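I opened this entry to keep a record of what I looked up in one model. The notes follow the order in which I went through it.

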Amino acid sequence: MKYFRTETSNYAEKYEITREEYQRVTGLQYPFGQISSLVSGAKSYYAVCPACMNPIQIVGLGVKSKIAPYGKHAGKTITDIAPWNYVKYTNCPFADPSVRIDPSAEYEKLEIDKNVVELYNLMRDNFDLVVLTIADALQIRAGASYWRKCLKVFLKDQEYCYPWLTDANIPYIFALLGMVYSQLFGMRFKDGSDICNALESIPDIILSAPDQDGYRKWEKSIKFTELQFRFLDHKRYASEGQELNESIRVCVDEIKGGKAYTRYDHVLEFGESSFEQRRKYVQKRQQWLLDIAKQEMPDIKPNV
């Protein structure tokens with residue numbers, strides 16, 4: 001893993017694992033620096049996994065170390081750092097591949113614990129940024145009724161309990177589980193984008209001229225045409241010492257004669273720091289989207 005946290009919270013900042021950064025942030029003070037063996041006097045340095053909130057050990061901080069520092073799961077509770085949670089470890093992209101459970105597997109949703117509540121609140125408090133992030137990635141624009149409907153779909157089956165939801169991928173998991181099978185009629189599409197070109201190639205669809213922002217609206221059809229989004233194949237790519245990258249597959253299907261015909265198929269890739277940077281540096285907020293989230297997302301409490 002490339003980053004570490006100092007607290008078991010989705011609101012806690014992530015820091016890059018380098019000798020200088022770790023020392024600057026922690027000061028090498030307890031509980032981050034501890035004597036791990038009273039017999040040998042060996043020192044160990046700890047932090048929190050940015051994905052699963054389990055304790056990690058920072059390897060390679062020794063003066064004579066010839067390797068770049070990196071984090072590995074501690075495999076046990078570390079006093080005053082974090083408790084060990086094996087279930088969350090198995091869902092972590094940085095877990096040992098022999099035990100790691102990836103999104104392609106059958107899964108049971110998590111219980112609503114502190115971490116789930118934090119992610120839920122993070123989504124509610126930043127719903128405008130969630131929408132704008134995925135809308136920019138897909139190069140689309142849609143109105144309040146569309147985003148409200150998608151949010152209701154996401155909330156209905158408590159998709160915020162999805163085991164691989166993190167503070168980094170909220171916009172994309174919202175698309176995966178909330179926007180799936182949603183209709184495209186009335187949307188606007190960035191002129192010249194792949195998705196716009198795909199729609200323009202469908203004979204029965206008429207798109208408007210580009211507006212002042214460069215988006216074209218699907219405003220009418222020669223014949224009744226039904227197009228819907230399909231999202232699938234959530235994947236994660238974790239390399240030692242590198243930023244976690246993820247992807248989802250985005251399709252647009254035309255429904256005709258009781259069958260689906262794929263008109264657009266694209267793999268959307270994203271990194272673990274992009275949404276965090278948007279939250280950190282955004283200046284103008286979209287109150288109409290925040291109001292939707294406030295209306296649809298009441299407070300929830302842990303049930304474990």
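**Strand pairing**

I began with strand 9 (residues 205-207) and strand 10, which pair in the antiparallel sense over three bridges. Strands here are DSSP runs of E of at least two residues and helices are runs of H or I of at least four, both numbered from the N terminus. Two strands count as paired if DSSP finds at least two bridges between them. In this pairing Ile205 stands opposite Ser221 of strand 10.

I then looked at strand 8 (residues 188-190), which is joined to strand 10 (residues 215-221) by three bridges and runs antiparallel to strand 10. Here Lys190 stands opposite Tyr215.

Which order do the strands take in the sheet? I noted 7-8-10-9, an open sheet of four strands with antiparallel pairing. Strand 7 (140-141) and strand 9 stand at the edges with a single partner strand each, so one side of each has no neighbour in the sheet.

**Source of the model**

I noted that this is a predicted model, in which local features need pLDDT of at least 70 and side-chain atom pairs count only at pLDDT 80 or more, while totals for chains, interfaces and linings use all residues. Residues are numbered from 1 along each chain as its sequence is written, and side-chain values use heavy atoms, without hydrogens and water.

**Whole chain**

I recorded nine helices and 13 strands in the protein. The C-alpha atoms fill a box of roughly 80 × 40 × 40 Å along the principal axes. Of the 304 residues, 50% are buried; buried means under 20% relative accessible area, with a 1.4 Å probe and protein chains only.

I also checked contacts, meaning heavy atoms within 4.5 Å. Among contacts between residues at least 6 apart in sequence, 61% join residues at least 24 apart.

I noted 40 positive and 40 negative side chains, with the centres of the two sets 1 Å apart. Lys and Arg count as positive, Asp and Glu as negative, and His and the chain ends are not counted; each charge is placed at NZ of Lys, CZ of Arg, CG of Asp or CD of Glu.

**Cores**

Which residues have the most contacts inside the largest nonpolar core? They are Met179 and Phe229, in a core of 61 residues. Such a core is a set of buried Ala, Val, Leu, Ile, Met, Phe, Trp, Tyr and Cys residues joined through side-chain atoms within 4.5 Å. Helix 6 (residues 170-179) gives the largest share of this core, eight residues.

Leaving aside neighbours within four places in sequence, I found Met179 in contact with residues including Ile134, Tyr146, Trp147, Phe174 and Phe229. A second, separate core has 24 residues, among them Tyr45, Ile58, Ala95 and Leu244.

Is Glu118 buried or exposed? I read a relative accessible area of 11%, so Glu118 is buried. Glu118 lies in helix 3 (residues 114-125) and touches Thr8, Ser9, Asn10 and Tyr11, not counting residues up to four places away in sequence.

Arg230 is in strand 11 (residues 226-237). With neighbours within four places left aside, its contacts include Val180, Tyr181, Arg249 and Asp253. I noted 11 Å between the C-alpha atoms of Arg230 and Arg263, which are 33 residues apart along the chain.
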